[in-house]
Every structure is written in structure tokens, then in C-alpha cells.
Amino acid sequence: MARAQYQRSQETQRKLIDAVIQLAREKNYEAVTVKEICAVAGVSTGSFYHQFGSKDDLVLATYQKVDWLLTESFLQSCRDLPPVQALDRLLRRYVSFVRDDVGLVLAQYYRVRLNHFGPAFQHDADRPYFREMRRILREAADQGLLLSPLDPVPLAELLICLIRGLFVDWLIQSGRYDLMERYEAQILPLLGTMVSNGVQ
């Protein structure tokens, strides 16, 4: 019974997240109402407030959706690759998620984080996505493949900053360029300066 209720709750959250992303692509996020989100999601307003305290809480959850992409099979596929390729695969998943799923709603996520940051918000570095990044970099260090003078944890934090900077620039440019192409042109070459591919 509890499991079925949890699954229904998760499904409701996913419907609401998909709805706010769809609506924010169609019009200004600020103009989107909870009532409209619920109509698109096919859920009641009561269900919305059972899941989220506000539209801003929903936006925060929207970005957390990236963690859902880290399925065990995806993580295993990363673990089967050399560290630099695993890191590239992980970062590509993240960039694709922002480009294809979240889009310019990411600006609202940053707005909420900047306006309401506090202990209630989980630090990015504590999330599964970045834990996996640190794991890959520790593996590279263990294999003697780390080229950077930084240890794995600060190196992961640097990569987080670089990716976040790419996203902010993309938002400032109103999504005018392809995010993956920019990742491939600017971030991917840097990975090779941080982690060796192991080929002598």
C-alpha cells in the first residue's frame, strides 16, 4: 500500500515537472500559474500543494530531475569506460538534460536558488550526479591518470563551476547556440588536460 502511494506521488511529481517545463517554453515563466500547471499535468490543485509548497519548489524539483537519469545501468556503462570517457559520458548526459529537458527554465532555478538559498537546499556537490563525478576522478587518480595538480574533489568542483558557467552563458544568450556543440568546443578539450586517456 505504501509503495503504491509512493509510486503515485512520484508519478504526480513527474507530471507536474513536465507540465511546468512545457508551459515555460510556451510563455514567460512568471506568467505561468499553478492552475495552468495542474491543468496540463492533469492533476488537482490540492495534489500540487500536497507535492510542492509553491511554484518555486516545483522549479527546484525540475532541476533535481537530472538525478533520475543516473540509473544503475547508466552508471554501470560509465564504470565500464576509461575515466576520461566516463567523465565525458556523464557530462554529456547533464548537458543533454539541460538542453533537451529543462531548457530556459534553468534561469528560474538559478533565480530561486539565489533568492532563497539556505540550509534547506541541497548543495550541488552532495547530489548523486556530482558524487559520481568525484568517483570517476578518484578512479583516475588511483590509476595514475590524473593530469591536474588538483585532487579529485577540488577538480570535480572546478568542473561543476565550468559546466555551471556554460549554462549561465547559454541562459544569458537566451539559448541562441547549441549547448552540446559549445560543450564539445569548450569543455571537452579541457577534460583531456585534466585526465589522461591512458594511451601512451
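Among contacts in the protein chain between residues at least 6 apart in sequence, what percentage join residues at least 24 apart? With contact taken as heavy atoms within 4.5 Å, the share is 69%. The model is a predicted one, in which local features need pLDDT of at least 70 and side-chain atom pairs count only at pLDDT 80 or more, whereas totals for chains, interfaces and linings use all residues. Residues are numbered from 1 along each chain as its sequence is written, and side-chain values use heavy atoms, with hydrogens and water left out.

The secondary structure of the protein chain consists of 10 helices and 0 strands, where helices (H or I, at least four residues) and strands (E, at least two) are DSSP runs numbered from the N terminus. Along its principal axes, the C-alpha trace spans about 60 × 45 × 30 Å. Of the 200 residues, 45% count as buried, a term that denotes under 20% relative accessible area, with exposed standing for over 50% and partly exposed for values in between (1.4 Å probe, protein chains only).

The largest nonpolar core contains 66 residues, of which Met133 and Phe167 touch the most other members; such a core is a set of buried Ala, Val, Leu, Ile, Met, Phe, Trp, Tyr and Cys residues joined through side-chain atoms within 4.5 Å. Helix α6 (residues 83-102) provides the largest share of this core, 10 residues. When neighbours within four places in sequence are left aside, the contacts of Phe167 are Tyr63, Tyr94, Val95, Val98, Leu106, Tyr110 and Leu179.

In helix α2 (residues 34-41), Val34, Ile37, Cys38 and Ala41 are buried. Seen down the axis of α2, these residues fall within an arc of 95 degrees, and therefore line one face of the helix, the arc being that of the directions from the helix axis to the C-beta atoms. Lys35 and Ala39 are exposed on the other side of α2, and the helix is followed by Gly42, whose phi is positive, near 75 degrees. In helix α5 (residues 72-79), the buried residues are Phe74, Leu75 and Cys78. Their arc, seen down the axis of α5, is one of 100 degrees, so they line one face of the helix. On the other side of α5, Glu72 and Ser73 are exposed, while the cover over its buried residues includes α6 and α8 (128-142).

Helices α8 and α9 (residues 152-172) pack at an angle of about 130 degrees, with their axes 9 Å apart. Here axes are lines fitted to C-alpha atoms, for helices over the stretch in contact, and angles run from 0 to 180 degrees between N-to-C directions. The two helices are therefore oblique to each other, given that angles under 35 degrees count as roughly parallel, over 145 as roughly antiparallel, 65 to 115 as roughly perpendicular and the rest as oblique. The contact involves Phe130, Met133, Arg134, Leu137, Arg138 and Ala141 of α8, together with Pro152, Val153, Leu155, Ala156, Leu159 and Ile160 of α9.

Leu191 is found in helix α10 (residues 179-194) and, at 1% relative accessibility, counts as buried. Leaving aside its neighbours within four places in sequence, Leu191 is in contact with Val84, Leu87, Asp88, Leu91, Leu159 and Tyr183. The C-alpha atoms of Leu191 and Ser148, 43 residues apart along the chain, are separated by 9.8 Å.
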